[in-house]
Amino acid sequence: MSIEDENTALEGTLRREPHGGPPLPIPADHMPHHRYQIEEEITRGGMAIIYKVLDTQMYRWLAMKVLRDGFADEATERQRFLNEARITALLDHPHIVPVHELGFNHAGRPFFTMKLVHGETLDAWIQKSFDATQSFYSIESVLHVFLKVCDATAFAHDRGVIHRDIKPSNILVGHFGEVYLMDWGLARVVQADRLGAPNAELAQALNRMQDPAGMALGTFHYMSPEQARGQNHLTDERTDIFALGALLYHILTGKPPYVADSLEALLRKAREARIRAPHEVARWACLPQTISEIAMKAMAREPTDRFQTVSDLQAAVRDFLRGGFHLLTKSYPRGSVILTEGAPGDAAYIIARGTCQAYRTIDGQKTLLRRMGPGDVFGEMAVVSSKPRSASVEALDDLEVMVVKAETLTTGLGLNSWLGSFVKTLVDRFREADRRLTELQGNLPASAEQVSSNR
């Protein structure tokens with residue numbers, strides 16, 4: 001039986017089944033067959049509506065996706081919908097939502113059911129985080145979400161499937177750490193024999209979906225130049241890598257790489273792919289350039305200039321995370337005392353913007369130790385040695401710093417290992433030499449002390 005005959009047979013069988021349950025405040029032709037009862041609408045997109053439904057046989061809540069009005073009778077869109085269900089079901093991966101059943105309701109509308117995940121889309125999470133802080137949020141947790149999306153994408157590529165619509169609204173983050181790459185409606189099967197279909201005929205049926213010539217398929221805000229130009233025959237794994245770079249861009253800046261007032265302007269920007277680097281436009285003043293460059297490489301205009309595999313992109317992001325650049329930031333107004341001599345050391349600081357000065361109080365007078373600016377570090381000795389601060393630090397103008405907490409520094413330097421013993425010994429010896437120098441300065445004439453402190 002061909003795939004089209006199978007569709008017709010399945011549709012005919014389900015149409016003859018009566019539907020049950022109480023009346024529901026939804027369009028009658030969206031009603032599923034008797035096994036499911038619709039509780040409420042979850043969301044709707046351009047082609048489909050997703051409902052929360054009760055599976056009356058298994059006594060569990062599911063999500064049900066139903067093709068919308070205007071598409072159910074269009075052969076191409078109907079087949080794309082059916083392919084989405086079957087491709088998603090064949091992509092058995094922890095970060096791709098499981099599909100349970102494909103069928104037709106009493107009005108002949110195709111639907112499929114899948115696991116119901118309690119959470120929110122990644123774009124909602126990003127927006128909420130930016131709105132709450134009015135600054136950049138800690139990116140460590142969201143970059144781990146990003147890596148899970150990469151896992152799902154890499155798995156699909158290994159199975160010969162290109163997603164072609166990766167974006168924050170198609171990523172669901174659950175309340176307990178679940179991450180799912182959703183909506184495979186525009187997926188393109190490029191190597192059907194790797195998909196894992198039970199036989200060659202089914203695999204080829206999934207591969208027969210033809211894209212309209214010259215049509216830009218995807219979401220303009222995140223799409224690659226080849227997609228924007230309608231060169232659908234050129235889309236491959238690197239097309240998804242571009243979208244992953246655009247997703248990373250949104251994570252870093254709070255907005256997609258393309259923003260415009262009209263669809264025409266958006267499409268033009270997508271075709272040209274002229275994008276300002278995240279560190280140039282981010283609201284967070286000290287966005288590390290390293291992660292910005294990773295996003296830009298993924299979004300290179302030419303596919304050959306991008307990361308060539310998702311694994312390469314993941315490796316770059318993991319290296320960034322291991323480098324410890326996922327740090328919180330704090331701002332201090334001019335005149336603020338950031339560290340106080342004698343206080344315990346619970347963090348070190350990297351200056352991102354502004355200047356400050358370190359000083360000691362000797363005989364009631366401030367003795368300047370050094371002035372510091374962007375890129376300088378202070379407060380690290382007290383953290384490494386686990387001893388009180390040896391100096392105070394004051395902001396000379398508005399100051400923004402990256403905060404390296406004690407536990408982060410301990411882990412990064414391996415202070416709990418044998419190497420840590422060497423580092424602590426060196427710091428202790430430096431502090432002892434510094435103490436002796438301070439005592440010597442205290443015995444110098446005032447003019448000599450002033451010269452020494454201004455070196």
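Contact is defined here as heavy atoms within 4.5 Å. By this criterion, and with neighbours within four places in sequence set aside, Leu247 is in contact with Leu122, Phe146, Val149, Ile166, Lys167, Pro168 and Ile171. The structure is a predicted model, in which local features need pLDDT of at least 70 and side-chain atom pairs count only at pLDDT 80 or more, while totals for chains, interfaces and linings use all residues. Residues are numbered from 1 along each chain as its sequence is written, and side-chain values use heavy atoms, with hydrogens and water left out.

The pLDDT, the predictor's confidence in each residue on a scale from 0 to 100, has a mean of 80 for the protein, and 75% of the residues reach 70 or more. Where pLDDT is low, the predicted coordinates should not be read in detail.

Helix H4 (residues 140-158) packs with helix H7 (residues 237-253) at an angle of about 170°, their axes lying 11 Å apart; axes are lines fitted to C-alpha atoms, for helices over the stretch in contact, and angles run from 0 to 180 degrees between N-to-C directions. H4 is therefore roughly antiparallel to H7, a term that applies to angles over 145 degrees. H4 contributes Val142, Leu143, Phe146, Val149, Cys150, Thr153 and His157 to the contact, and H7 contributes Glu237, Asp240, Leu244, Leu247, Leu248 and Ile251. These residues comprise nine nonpolar, two polar and two charged (nonpolar: Ala, Val, Leu, Ile, Met, Phe, Trp, Tyr, Cys and Pro; charged: Asp, Glu, Lys and Arg; polar: the others, Gly among them).

A nonpolar core is a set of buried Ala, Val, Leu, Ile, Met, Phe, Trp, Tyr and Cys residues joined through side-chain atoms within 4.5 Å, buried denoting under 20% relative accessible area with a 1.4 Å probe, protein chains only. Within the largest such core, of 48 residues, those touching the most other members are Leu91, Phe146, Val161, Leu244, Leu247, Ile294 and Leu313. Elements giving two or more residues to this core include H4, H7 and E9, and H4 gives the most, with 10 residues. A second, separate core of 18 residues includes Leu67, Phe81, Leu82 and Phe112.

Conventions. Helices (H or I, at least four residues) and strands (E, at least two) are DSSP runs, numbered from the N terminus. Angles under 35 degrees count as roughly parallel, over 145 as roughly antiparallel, 65 to 115 as roughly perpendicular and the rest as oblique. Buried means under 20% relative accessible area, exposed over 50%, partly exposed in between (1.4 Å probe, protein chains only).
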